[in-house]
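Work through the exercises below with the structure open beside you. Try each task before reading its solution.

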Amino acid sequence: MSEPSPERPGGTDAAGLIARVDVQAARRAIANVAVRTPTLASDELAQLAGAPVQLKAECLQKTGSFKLRGALFKVHALGASAGAGLIAASAGNHARAVAEAARVRGVECEVFMPRDAPVSKVAAVERLGAQVHLGGTSVEEALELAADRSERSGAALVHPFDDLDVIAGQGTLGLELLEEVPDLARVLVPVGGGGLASGIGIALRGARAHVELVGVQARACAPYVQALQGTASHAAAEAPGGATIADGIAIKRPGKLTLPLLRELLDDLHTVAEDEIADAMVWLSEHARLVAEGAGAVAVAAILGGRLTPVSGSTVAVVSGGNVDSGLLARLLRRHETEEGRRVRIFTRIPDRPGGLAELLALVASARANLISLEHVREAVPLEVHETGLELTLQTRGPDHSKEVLAALEQAGYQVSLE
């Protein structure tokens with residue numbers, strides 16, 4: 001499929017675009033590589049939403065996100081021309097998807113990534129055999145470099161979302177939802193460039209299904225909110241420059257193709273704050289046993305934030321990706337434990353003599369607290385000559401248990417203060 005040339009930004013005819021997207025063909029083409037990801041019921045989310053809720057665990061897709069679907073079908077649609085090689089620009093998930101599609105097809109692949117792309121994501125793309133070029137400060141700048149390289153080399157540029165074949169591939173997820181959830185009433189889908197939401201919407205429209213399609217964006221970077229609430233064009237609708245942990249859906253402006261499609265297909269669009277995204281990532285880890293990146297967790301964040309009215313039937317939240325930096329997830333889990341009162345930092349003093357520390361730690365252990373870290377403090381605190389200060393980070397069962405641990409230490413004669 002070739003992309004249309006809109007007469008004006010944002011003025012592309014949505015009906016014409018929808019007619020040209022063949023989701024069924026995409027499904028046949030990618031079936032031997034992409035996996036059918038599970039749809040998991042969540043009783044806890046159902047209680048919050050007032051209706052059944054299921055999670056589409058696309059974070060378990062090969063390469064860790066839905067992006068593989070679109071990349072595979074684009075390579076299929078390119079046919080023999082894919083032999084000249086593939087070029088992509090991405091901060092992570094799209095890069096991995098195109099690299100995997102190239103590996104499966106046996107063709108060369110070059111990927112342009114922003115200079116500050118996480119080392120782990122660059123390494124993941126390189127492991128798939130792609131050549132990585134670091135350049136630009138954003139995905140948009142990397143995309144400009146990729147487009148220039150494509151023009152000079154003759155290799156095919158695979159756009160992360162503004163391409164009808166890519167959109168068709170993403171739409172295969174919608175077909176799975178229609179088959180897996182008989183009472184499907186609403187789909188919550190993360191919106192970055194809009195390819196996934198467009199593809200799912202086209203799949204639902206093609207099945208003549210009466211299903212509400214709701215997009216969710218990170219509030220720090222939400223260009224579609226401006227575009228869909230008014231008449232702003234692709235060029236005029238620009239996101240604020242805020243940083244977000246949902247970097248996988250952080251784009252500067254809507255797509256020329258996806259903007260008219262989402263105007264036609266979306267029933268509603270919500271935004272979620274950074275703290276809500278972080279809480280959703282932790283919730284998915286603790287309650288659903290799913291590892292989700294920020295972009296993949298925004299749909300769940302909308303449910304946890306109580307933004308939805310009950311519907312008659314099931315709501316599906318698409319967990320679109322799971323390629324999260326392990327250090328970030330660890331920090332979020334520690335932050336959550338602190339907020340829940342399950343991680344406390346205390347300061348106390350002990351006699352500076354052999355066995356003094358062992359006695360304190362034995363008391364902590366008898367109180368059933370878990371020692372996370374310990375640091376000696378001998379400067380900038382009022383200490384007696386034969387004393388040493390200690391900062392301890394403890395993991396407990398919750399606020400009540402923390403109080404019990406502190407009480408046990410004080411009863412044993414230790415002066416304890418919370419840090």
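**Exercise 1. The chain as a whole**

Task: State how many helices and strands the chain has, what its C-alpha trace spans along the principal axes, and what percentage of its residues count as buried.

Solution: 
- Step 1. The model is predicted. Its chain contains 16 helices and 14 strands.
- Step 2. The C-alpha trace spans about 80 × 50 × 40 Å along its principal axes.
- Step 3. The chain has 419 residues, and 54% of them count as buried.
- Step 4. Take the contacts in the chain with a separation of 6 or more: 72% of these are between residues 24 or more positions apart.

**Exercise 2. One histidine**

Task: Find the helix in which His94 lies, then decide whether His94 is buried or exposed.

Solution: 
- Step 1. His94 is part of helix α5.
- Step 2. The relative accessibility of His94 is 3%. Buried means under 20%, so His94 counts as buried.
- Step 3. Leave out residues up to four places away in sequence; His94 then touches Lys67, Ala88, Ala89, Val158, His159 and Pro160.

**Exercise 3. The cavity**

Task: Count the cavities of 30 Å³ or more, and describe the lining of the largest cavity by residue class.

Solution: 
- Step 1. A probe the size of a water molecule, rolled over the atoms, shows where empty space is left.
- Step 2. The count is 1 cavity of 30 Å³ or more. The largest cavity has a volume of about 360 Å³.
- Step 3. Its lining consists of 28 residues, and those nearest the centre are Lys67, Pro160, Asp247, Gly248 and Ile249. Lys67 and Pro160 are also among the residues that His94 touches.
- Step 4. Helices α5 (93–105), α7 (139–153) and α9 (195–206) each give at least two residues to this lining.
- Step 5. By class, the lining of the largest cavity has 13 nonpolar, 10 polar and 5 charged residues.

Key:
Residues numbered from 1 in each chain as written. Predicted model: local features only at pLDDT ≥ 70, side-chain atom pairs only at ≥ 80, totals over all residues. Heavy atoms only, no water. 1 Å grid on protein atoms, 1.4 Å probe; cavity = no way out; pocket = protein on both sides within 12 Å on 5 of 7 lines; lining within 4 Å. Points joined across faces, edges and corners; volume = space filled by probe spheres on them. Helix = DSSP H or I, 4+ residues; strand = E, 2+ residues; numbered from the N terminus. Nonpolar A, V, L, I, M, F, W, Y, C, P; charged D, E, K, R; others polar. Buried < 20%, exposed > 50% of the residue type's maximum accessible area, 1.4 Å probe, protein only. Contact = heavy atoms within 4.5 Å.
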